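Colleague: I would like to learn how to read a few features of a model. Could you take me through them in turn?

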Amino acid sequence: MTLSELKKLLKKLSFIRPGGTDEEHRAAKEIKKLCEAMGSEVKEERFPITVPENSTASITFGSGSIDCEPYFDFGNGTVTGELYILHKRSDDYYKGCKDKIVLLDGAISRSTYEKLYENGAKAFISFFGSVNERTKDIFSRRRRFIWDKELMPAVCIHAKDAARLCTYRGKTVTLSNEFQAKASYGINLTTEVKGEIDEEVIVCAHYDSTSNSKGVFDNLSGTLALIHILEELKEEKPFRGLRLLWTSCEELGLVGAHHYCKEHKCELGKTALCINLDMLGAAIGSFTSFSSVNEDTQGLLTDFAKNHSFPNESRLGIRSSDSTVFTSHSVPTVSFARYAPTGIATVHTVRDKLDAVDPATLLNDMEYVSSFTRFALSKDFPKQGEIDEKIKEDTEKYFLNKIMP
């Protein structure tokens with residue numbers, strides 16, 4: 001792929017494409033078209049998912065109101081109660097939640113929700129962002145943990161509005177969260193290059209975005225890297241087979257990756273390595289490779305980068321990305337990203353747009369991961385050892401009580 005071709009594709013595909021929406025389905029068609037233009041057959045695998053429809057959310061207090069977004073899959077309805085600030089997620093503060101509408105920072109976890117429920121909270125408000133941001137950028141969130149009891153209404157607001165709302169603590173506020181669940185579907189896409197033996201290497205990237213972001217950095221960059229790898233390797237006769245996988249609905253809880261691993265469970269045993277590409281080409285940022293296997297694989301990543309004179313930081317650990325799903329299925333997995341500093345290419349916001357990615361840097365990253373993929377497909381690539389116990393523990397903790405589609 002040339003630099004000019006890459007720029008055209010970045011521009012063409014930089015649109016908001018939340019999982020399960022018509023826009024994500026449009027992106028799938030474009031990816032499929034690009035692969036088929038190279039003579040590669042693309043398989044579609046659809047899976048059911050629900051998306052919010054006709055969603056409304058509001059917070060009113062006195063004569064004031066605050067812009068907010070729904071917390072999808074929580075309770076529908078309107079509640080009125082005294083505003084309570086959860087300063088810290090500790091038992092001492094949870095005790096004050098009874099019959100209150102609770103303001104807390106960040107995303108909700110099952111353990112936090114359990115404490116709110118046990119202590120009698122009526123509803124909760126999560127806030128995100130920073131008071132130093134020029135604009136207010138919020139988007140609707142989704143519950144991703146198991147809970148079979150009553151679900152209270154919840155909304156998301158920006159930190160600027162949270163600071164304003166704090167002045168109303170101890171006073172009465174009204175919170176409303178109304179939504180309908182619409183049946184839809186996600187689409188995973190795969191294409192293959194056959195190898196000499198039955199083993200294969202999976203290279204994956206998600207192509208959806210959040211509902212408020214064009215997702216150029218996260219993860220149109222990885223999406224196009226797979227196109228580049230296909231273009232580079234489709235005519236080769238590798239020792240191991242290559243399977244390219246574009247996953248759907250990653251931003252909704254790694255849903256596409258879960259579906260793929262569930263449907264292809266019998267085939268995962270022949271996977272020599274899974275390579276996950278999520279966030280490449282940041283205009284400013286350092287390239288990082290993750291071994292979710294063991295120290296030997298981490299050393300392999302370090303040595304490969306050194307031999308290719310490619311600046312790289314190698315880490316041992318898991319990522320909050322599709323790679324962790326494959327790790328949970330005992331597949332040796334590595335992940336590549338170019339992490340941007342705070343304020344540059346901020347993910348899940350309106351700032352993740354075309355200027356978040358530098359095309360020349362992205363092309364350089366794409367060529368590097370293509371070279372690593374070629375190495376992984378070769379006879380010289382060593383068999384990966386057992387997954388480190390700490391990696392297994394961290395993976396289990398990551399998915400503890402999460403909904404597993």
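**Helix packing**

Modeller: Helix H8 (residues 295-307) packs against helix H10 (residues 359-377) at an angle of about 120 degrees, the two axes being 11 Å apart. Keep in mind that this is a predicted model.

Colleague: Which word describes the orientation of H8 to H10?

Modeller: The angle between the axes decides the word; 65 to 115 degrees would count as roughly perpendicular, and over 145 as roughly antiparallel. At about 120 degrees, H8 is therefore oblique to H10. The crossing of these two helices, H8 and H10, is right-handed.

Colleague: Which residues of H8 and H10 meet?

Modeller: On the H8 side they are Leu300, Leu301, Phe304 and Ala305, and on the H10 side Tyr368, Ser371, Phe372 and Phe375. Sorted by class, the contact of H8 with H10 has seven nonpolar residues, one polar and no charged ones.

Colleague: At what angle do the axes of H2 and H6 cross?

Modeller: Helix H2 (residues 22-37) and helix H6 (residues 216-233) cross at roughly 10 degrees, and their axes come within 10 Å. Angles under 35 degrees count as roughly parallel, so H2 is roughly parallel to H6. H2 passes H6 in a right-handed crossing. In this contact, Ile31, Leu34 and Cys35 of H2 meet Thr223, Ile227 and Leu230 of H6. The classes in the contact of H2 with H6 are five nonpolar, one polar and no charged residues.

**A loop residue**

Colleague: Is Ser40 buried or exposed?

Modeller: Relative accessible area settles that, and buried means under 20%. Ser40 has 12%, so Ser40 is buried. Ser40 lies in the loop between H2 and strand S1 (43-61).

Colleague: Which residues is Ser40 in contact with, leaving aside neighbours within four places in sequence?

Modeller: With those neighbours left aside, Ser40 is in contact with Cys35, Thr191 and Leu230. Two of these partners, Cys35 and Leu230, also take part in the meeting of H2 and H6. Ser40 and Leu230 are 190 residues apart in sequence, yet their C-alpha atoms are 8.6 Å apart in space.

**Salt bridges**

Colleague: Why can charged side chains pair?

Modeller: Side chains of opposite charge can pair when their charged atoms come close. A search of the whole structure finds 20 salt bridges. In one of them Arg46 pairs with Glu44, with 3.4 Å between the closest N and O atoms. Glu44 is partly exposed, at 36% relative accessibility.

Colleague: How many residues apart in helix H4 are Glu114 and Arg110?

Modeller: Glu114 and Arg110 are four residues apart in helix H4 (residues 110-118), so about one helical turn separates them. Their side chains meet in a salt bridge, 3.6 Å from N to O. Glu114 is partly exposed, with a relative accessible area of 28%, and Arg110 is partly exposed at 24%.

Colleague: Where in the chain are Lys270 and Asp198?

Modeller: The side chains of Lys270 and Asp198 meet in a salt bridge of 3.7 Å, N to O. This pair links distant parts of the chain, 72 residues apart: Lys270 is in the loop between helix H7 (255-263) and strand S12 (271-277), and Asp198 is in the loop between strand S9 (172-193) and strand S10 (200-206). Lys270 is partly exposed at 26%, whereas Asp198 is exposed at 57%.

Colleague: Which residues do salt bridges with shared partners join into one network?

Modeller: That network consists of Glu192, Lys194, Glu200, Arg243 and Glu267.

Notes. Residues numbered from 1 in each chain as written. Predicted model: local features only at pLDDT ≥ 70, side-chain atom pairs only at ≥ 80, totals over all residues. Heavy atoms only, no water. Axes fitted to C-alpha atoms, helices over the stretch in contact; angles between N-to-C directions. Left-handed = near helix turned anticlockwise from the far one by under 90°. Contact = heavy atoms within 4.5 Å. Nonpolar A, V, L, I, M, F, W, Y, C, P; charged D, E, K, R; others polar. Buried < 20%, exposed > 50% of the residue type's maximum accessible area, 1.4 Å probe, protein only. Salt bridge = Lys/Arg side-chain N within 4 Å of Asp/Glu carboxyl O.
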